[in-house]
Amino acid sequence: MSFAIEVPGEAAPLSPFELVKTLEAASSATDHAQRQSASQQLKAWETQTDYFSSLQSAFLDKSFPYPIRFLAIILLKNGIDKYWRHTAKYAITPPQKELIRSRLLQGSVDEEDKTLVLHNALVVAKIVRVDYPNDWPDVLPNIINVTRTARTGNPLHLSGALQVLLRVVKELGTARLRRSQTALQSVTPELIQLLGEIYTETTAYWQEFLMKGRGDEDDADYAMQNSLVALKILRRLVTVGYENPHLDAMVQGFWSLSQSQLDQFLNGVSHDSWIPAPFQDLVGKHLIQFTKLHIDMAETHPSSFPVLPNSIPLVKAYWNLVKQFSDVFEKSGGIRQTSLENVGGSPKHEGPLSEKLALKGLLLLRSCVAIAYRPTQTFKYRSPEAKEQEKEAIRIIKTDLLTQDLLLDIVQVTISRLFIFRKSDLEAWEESPEEWESAERYEGGAYEWAIRPCAERLLVDLLTYYKELGQPLLTYCELATKVDMDIVTKEAAYCALGCAAAVLGDKFNFDQFLLGTLVKDSQLQDPMAKLLRRRISILISQWMPINVSESSQSTVFQIFRQLLNPEDPNNDEVVRLTAARELKSVGECFEFQGAHFLPVAADVFGFLMKLLEEAGSDEARTTVLEAIRVVVNRMDTHISQFGDALMTTLPKLWEDCDEGEWSIKQAILSIMSALVLSMKTDSQRYQSAIIPLLQQALDSSTALHLHLIEESVDLWRSVVSQSVPPLNPELVKLVQHALPLLEYDSSVASQCLELVYDYIILVPGEILSDGFRQATLQSLLGTLHLKSREQYQQGARSIERLIQCAEALGGVQGVSVVVDDMMRTGVIKYLLESLHSAWEANETTGPNRKPRKINTIQQTDYVAILARIALADPGVFVRLLASLDESGANSVQFIWSWLSTIWFSSFDNMADIGKQKLSCLALTRLLELPSPMQDLVLVRMQDYLSMWTSVISELSSMEPDETGATRPPPGNDGLIWTQKYQPSEWDTPKDVIAYEQTAKDPVHCVHTFDFVNLRLHDLVQRAGGEEVFQREWLANVDKEVVAGFQSLTQPRAAE
């Protein structure tokens, strides 16, 4: 039996009838195979010219059933994202765009269904963002005209027009292009005028109906909804439509209106409200829009907010609202974040309106503190007037708003009322433990929708900038530690103490408090003890970097062991998850000592593993794994005794993870990396367990590869760096995965380049084998084309090291094999072509000057690669040049003529004296060769003498370097390594081997002066003796150059 689904694809031509038939099948068919087939047909039609306009036609035809129309507008909306821009493949053609644009407004204004109106408005907004103002300049005037016409007509039409306008303003308001921002600002005054009138008229209508019963209930409902949408648009326009909103009279008027109606509508939602209960929800939404307006203005235009009419009294009124709510805070039902989402994708929040308004008041206060103490940083030019305006805004906030009385009042109300843990909080805790714990942590987003976290943030803000507020807080906290308080009150006091850690660090004896109070509280047995236990782990992590002595660390870790113990009935999942999260924070503190953690490590690791098994969400398990990673890393070598247990558990956890749980696998790889680095070479016994995981993570044929690439490469580097040769054969085989990764983004490619370099150092024989050599050279050639300086320099270094290793292992024959492969893979060709382009650029001037393919840094890197070949064996180097052309000798003469020029000129660009010496030794070795090379070298004698004089003089005057070389006397070579290398505790096996290889490099073991002198003397004799050499060759050299070189022998003559 075949389960294959027949896909019509291009076999079914696109027509209105076929489209509607297929839309019906895709949206309503009960058979899964039929729905899937229809969906694939719709996908195949996306490249048809009139597909999207046909979708719009289907949507606009009200005779079709709702599912067909709904699917049509959804597909159209998705198609705009993919195919509207002209740069897209199969982009919608201009005539089709024009047709679609001509009917867009009709889809919202004439539509009764709110969902269809919304999605059509979203389509309009997406197109406006791309096309306005260049390709659709009259769209905003058209929308304004439609809105103005609908204002006096059918309220349904007005609702549709306002929805379009709302989505367009939102889309343009978030656009980053200056073009879009300017276009919106140009029509903002007209929109403010129109929408202000609509808002005033609709508000007056529904207020008249609710207060006096005049008018129709349905019309009043429409008016209330339309006034709400108009208010949403106005809120955005006054913040994104002006550079300086406080200077505009209409903005000032609307700002004043928002304050008067805020007070009026607040009375409308009170217990003795004049508004009937069914309408109070919509009035509450008006209030929320006013609060968003005030907060947005403070955050978007911090210089304008304080000088707008009555802004300071407004903030104080908000604080009074918060104070009034604080009286009933403990009994309030709380705000919950639901699984539902708004149109923009943000989660919805449900809860009492009074609590939402109090939250907005706290957020507004935080924004005011930010205005005063965290002014917006910008690169934009600001006029002196704008800077003065900002200073005035800061002054107003500091002097008129944040007075001492208000600050003390905020602190008192916050810690005594708003920090109280309520019954509704406990219900949310027990309903979804993992979600609640994640949202409530300090780094979480709960402060945006919950009172307690927001109050904590506000208190921290105030204590940061008003340290004198710490004194009353200290008094309160000291009282809390001495007086026998109930658990809920004590939890609030500990919350305040944690917020004040940075301020009270030197005034509060936390060590004494830890030993005398927290130890007992962490062991308290009570139905509500879990509240205190959760708070204790948070409190310790807040104080750990501030004022916890080393002698108290053992106590800290014992408390964490107590809080993580799953056998204690008061340690529920939230308590243990919080303890794990805060243990990670404690572990990241500089003061953390692995030796103090060692006595509890076995229990803690066991408890964390148990918690890992119980955790249900990826986020919770990742939290536990991160805690393990940090502790493993900070325990350093102390972790060795727990390595076996960890490496038994982690691979099993890896296998148990589903394919989509890549975040868990990321954390596992990170823990293994920390373990390897902590255990150093002792970690080699775990390679048999690690390598299979790396093979899975590095397999580019799987989707998992993209998610794990960074962590897997990091672990791979750790394993390689801590490996002592001979390497595990499976570890060596992994290098084939590194070569393709050199083409990835810069961070991964850089790490893979380092890996390839490490492999060349640790297993040069394997890399130089027939199985890897050409592939390695081919991949390294690709790095030379990259734009990143770090990457192309590392690629050049790797090729250099490969040549060195070939010489060390195979002598001249080994170098010859590598050079032959460099020819086959195109490395040599690319190097010489690049250097030739640099030579041409130097030789040409004016408008006909040839462009450079490489910069001067690349030029010196490429010269260094050629220098490695010439230094290893000059004969191989010359045969390389000769093989580039069938004419042989002529090829050498031609290439040497320009190559020697660019090579000698490169010395001026070599900041590294090591590279200078390398090229000096390489060029000097060419003196050993007979004709025709001997004659070519003699012609360049002035360049040679200048080079020798410069390099030898600099080497003679070098300071001692980090390798331990002592300062040489005049005439000696400062790059010679004379002292024996003493590895430090931080050096890896790779570092030691790399040093040993580098110590054998002629750059660090060959005396330059003696090397040059010996070969120059031999050349002079082969040229016919000193007299002939002087007459034939030295006579053509500048006297100053000759004198400079001769001066090098003066100190030696003195010796």
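Predicted model: local features only at pLDDT ≥ 70, side-chain atom pairs only at ≥ 80, totals over all residues.
Residues are numbered from 1 along each chain as its sequence is written. Local features need pLDDT of at least 70, side-chain atom pairs count only at pLDDT 80 or more, totals for chains, interfaces and linings use all residues, and side-chain values use heavy atoms, without hydrogens or water.

**View A. Ser-53 in helix H3.** Ser-53 sits in H3, residues 51-60 (helices are DSSP runs of H or I, at least four residues, numbered from the N terminus). Ser-53 counts as buried because its relative accessibility is 5% (buried means under 20% relative accessible area, with a 1.4 Å probe and protein chains only). Its side chain makes a polar contact with the side chain of Gln-96, at 2.5 Å (a pair of N or O atoms within 3.5 Å, one able to donate a hydrogen and the other to accept it). Not counting residues up to four places away in sequence, Ser-53 touches Gln-96, Leu-99, Ile-100 and Arg-103 (contact means heavy atoms within 4.5 Å).

**View B. Helices H26 and H28.** H26 (residues 553-564) packs with H28 (residues 594-614) at about 15°, their axes 9 Å apart. H26 is therefore roughly parallel to H28 (angles under 35 degrees). Among the contact residues are Phe-557 and Arg-561 of H26, and Phe-597 and Asp-603 of H28. By class, this contact has eight nonpolar, four polar and two charged residues.

**View C. Helices H19 and H27.** H19 (residues 433-440) and H27 (residues 573-587) pack at about 40°, with axes 9 Å apart. The contact includes Trp-436 and Glu-437 of H19, and Leu-577 and Arg-581 of H27. Its residues divide into four nonpolar, two polar and four charged.

How values were computed: Helix = DSSP H or I, 4+ residues; strand = E, 2+ residues; numbered from the N terminus. Buried < 20%, exposed > 50% of the residue type's maximum accessible area, 1.4 Å probe, protein only. Axes fitted to C-alpha atoms, helices over the stretch in contact; angles between N-to-C directions. Parallel < 35°, antiparallel > 145°, perpendicular 65-115°, else oblique. Nonpolar A, V, L, I, M, F, W, Y, C, P; charged D, E, K, R; others polar.
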